[in-house]
Amino acid sequence: MPSTDAMKALLASAFPDGHVEVSDLTGTQDHFQATVVTRAFQGKTRIEQHRMVYAALGELMVRDIHALALTTRVE
Amino acid sequence: MADEVRARIEELIHASKVVLFMKGTRQFPACGFSNTVVQILKKEGVPFETFNILADSDVRQGLKEYSSWPTYPQLYVGGKFVGGCDIVTEMHENGELTGVLK
């Protein structure tokens, strides 16, 4: 099961200029809330922004994360 | 993804103008995020179809790949992917969704 620290580390390395917040909504390490604010989202649609976050989380997103409430913003 | 699964998905997304792929059914959503989108579509007052991905593992896996989207619910309008719960909620709140559903 992923920890918020592991998720934060993946997102911080994918969006080095960005501001990243991750919280565990249920305390069960499978329902999370994340906010990512980065210049990398400039010119991207919301769908593309969310896909970039999912890609950064990679296998965790496919296997371990049951739900991720996601907020993305351009810095 | 197998061709037959892809063909099936394309048939499903075009089965109706608004199609929600969700966990559970509109009467009995099996997940809070799916329920949120059902309630939004009801408020928008448009007819919509739902597909329970928990009852079909081929579609459940295949659609993730087809949409390049790893989670459910997934909303399709006019055969086009609109988003998951967060995006649909935001579009509902800022009024954008009403235009998309028209």
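The tour goes from the chain interface to a helix pair and then to some backbone details.

This is a predicted model, in which local features need pLDDT of at least 70 and side-chain atom pairs count only at pLDDT 80 or more, while totals for chains, interfaces and linings use all residues. Residues are numbered from 1 along each chain as its sequence is written, and chains are lettered from A and ligands numbered from 1 in the order in which they are written.

Start with the interface. Eight residues of chain B are in contact with 12 residues of chain A (contact: C-beta atoms, placed from the backbone, within 7 Å). On the chain B side, β4 (80-83) and α4 (85-93) are the elements that give two or more residues (helices are DSSP runs of H or I, at least four residues, and strands runs of E, at least two, numbered from the N terminus).

Next, select α2 (residues 32-44) of chain B together with α4(B). The two pack at an angle of about 30°, with axes 10 Å apart (axes are lines fitted to C-alpha atoms, for helices over the stretch in contact; angles run from 0 to 180 degrees between N-to-C directions). Show F33(B), T36(B), V37(B) and I40(B) in α2(B), which meet C85(B), V88(B), T89(B) and H92(B) in α4(B).

Move to Y72(B) and P73(B), joined by a cis peptide bond with omega about 5°. P73(B) sits in the loop between α3 (57-67) and β3 (74-77) of chain B.

In that loop between α3 and β3 of chain B, pick S68(B). Its phi is near 50°, a positive value in a residue other than glycine.

Finish at Q29(A), in the loop between β1 (19-24) and β2 (31-38) of chain A. Phi of Q29(A) is near 55°, also positive in a residue other than glycine.

Notes
Contact = placed C-beta atoms within 7 Å.
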